Structure formats: C-alpha cells, structure tokens
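Come along and check each entry against the picture.

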Amino acid sequence: MSSNCRAAVISGPSGGGKSTLLTKLMGEYPNSFAFSVSHTTRKPRPGESDGKDYHFVQKEKFIEMISNQEFLEHAEFSGNMYGTSKKSVNDIQKSGKICILDVEINGVKSIKKSDLQPTPRYIFIKPPSIEILKSRLEGRGTETPESLQKRLDTAAEALDYASKDGAYDYIIINDSLEDAYKIFKNIFKDDLKSLQ
Ligand SMILES: Nc1ncnc2c1ncn2[C@@H]1O[C@H](COP(=O)(O)OP(=O)(O)OP(=O)(O)O)[C@@H](O)[C@H]1O
C-alpha cells in the first residue's frame, strides 16, 4: 500500500453534483477514499459520535487550534465553527487512502495557502448552466425560494473564481452523469492502480 496519497479538494456550486459523483466513486471503491473528520463547536445531534461524524470541541479549544495553525481551513456557519485539521488529513494520507475534502471556495483558497503535502489536486464540478443548476436544486426538493436564491448567488461567485487561470487542476462539466463520472474517476486512475 502506498503512503501519503495526494488528497483531492472538490469544490463547486451547491447542486452541481459533488455528492452524487463522490457517492458513486466511494461506492465503487469503498476502501480507497475517505473523508477527513472535521472539528466543530456545534453540539452533537442524536446518533452522531465524536471522532466519527465530527470531532466535537468547545469554542475555546477551537480558537486555540486556530491560533496554533492546526487547521487547513475553517469557517463559521450559523453561529458554529467548522474546520478541517491538518492532522485529520495527514492521518488518512498515512493510511494509504485518498483523502477527499469537499469544501467551498474560501476553503479552496485557504488550503492553497497551507503547507499541505503532497500538494492536493483541485477539482471543480461545474453545472452545464445556471438554469440547469437551478432546476436540479429545485428537483432535489431541499430548498426554500430564499435558500435557492442564496445558492445561485454563491454559485455565480464560485463559477467566476473557477474561470480564473490555474484556479483548479480539473474542471468537470456535470452534464451527462455517466460522462462526468468517467472523467472524475480517471483523475484517480494511477492512485487506484497502486492502491490495489
Ligand atoms: N449529471 C446530472 N444530471 C442530472 N441530475 C443530476 C446530475 N448530477 C447531479 N444531479 C442531481 O442534482 C441534484 C444536486 O446534486 P448534488 O446533491 O450531488 O449536488 P452537490 O454539489 O453535492 O450539492 P451541495 O453542495 O448542496 O451538497 C441532485 O438531486 C442530483 O440527483
């Protein structure tokens, strides 16, 4: 088994298909990929376990970790703090699995500034158009009119960043799911060979 696999940073507008592609990939290769376990200051929900779903920590501890530069990226959502520690990614890399980091645009920018080794590959999952993105989000049935509009506004920002030279190593247009999946899987072809 090889060690220190390159992590994969996956980003893209909400509704673009990241979870769909990752679920397919992890379903086909259940032992080759792993998500890092994030830290959070939010309280565990029933059924969630510490160290598995999240590392649940007090706010003081989280702030201390920020000042010790233990995070690759961190952010605040609805009053709670969330972050990916360098250690959680390194642990997966050492185990010979490919670490998957599913992050939004600010996370991508922070990871780029970090000293994560080996340098991860940056992958952007792009919807064919904003109109199709909107209809997929509507079809998913998870959004209110307000949250839909918010996601579409954020999508415009993510697409703009992705259009900049060198922002991502790979941009996958998720039009036909089968075609997008083939391209996605192919990115890991060499790693998957050495992991088997
Ligand atoms: N190629 C595709 N063709 C048609 N529908 C798709 C395709 N890819 C994904 N979808 C559908 O689009 C919706 C959004 O996909 P998904 O939930 O995977 O997006 P996401 O990028 O993970 O979003 P979030 O960041 O909000 O978790 C889902 O209902 C999914 O079934």
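**Entry 1: the shell around the ligand.** I started with the ligand and sorted the residues of its shell by class: two are nonpolar, nine are polar and three are charged. I noted before going on that this is a predicted model. How many residues surround the ligand, and which are the closest? I found 14 residues around the ligand, and the closest are Ser-14, Gly-17, Ser-19, Thr-20 and Leu-177. Then I looked up which elements give two or more residues to this shell: they are helix 1 (18-28), helix 5 (130-140) and helix 7 (177-187).

**Entry 2: confidence.** The chain has a mean pLDDT of 94, and 98% of its residues reach 70 or more. For the complex, the predictor gives an ipTM of 0.93 and a pTM of 0.92.

**Entry 3: a hairpin.** Next I followed strand 5 (residues 71-77) into strand 6 (residues 80-85). The two strands run antiparallel, and six bridges join them. Two residues lie between the strands of the hairpin. I placed Ser-78 in the loop between strand 5 and strand 6. Is Ser-78 buried or exposed? I counted 5 C-beta neighbours inside 10 Å, so Ser-78 counts as exposed, since the cut-off for exposed is 12 or fewer.

**Entry 4: another positive phi.** I then went to the loop between helix 2 (59-67) and strand 5, where Gln-69 has its place. Gln-69 is a residue other than glycine, and its phi is positive, near 55°. Gln-69 has 10 other C-beta atoms within 10 Å, so I wrote it down as exposed.

**Entry 5: a cis peptide bond.** My last stop was the loop between helix 4 (105-113) and strand 8 (121-126), which holds Pro-118. Is the peptide bond from Gln-117 to Pro-118 cis or trans? This bond is cis, and I noted an omega near -15°.

Entry 6: Most residues other than glycine have a negative phi, and most peptide bonds are trans, so I gave the exceptions their own entries.

Notes:
Residues are numbered from 1 along each chain as its sequence is written. This is a predicted model: local features need pLDDT of at least 70, side-chain atom pairs count only at pLDDT 80 or more; totals for chains, interfaces and linings use all residues. Two strands pair if DSSP finds at least two bridges between them. Helices (H or I, at least four residues) and strands (E, at least two) are DSSP runs, numbered from the N terminus. A residue is near a molecule or strand if its C-beta atom, placed from the backbone, lies within 6 Å of it. Ala, Val, Leu, Ile, Met, Phe, Trp, Tyr, Cys and Pro count as nonpolar, Asp, Glu, Lys and Arg as charged, and the others, Gly among them, as polar. pLDDT is the predictor's confidence in each residue, from 0 to 100. A residue is buried if 20 or more other C-beta atoms lie within 10 Å of its own, exposed if 12 or fewer, and partly exposed in between; C-beta atoms are placed from the backbone.
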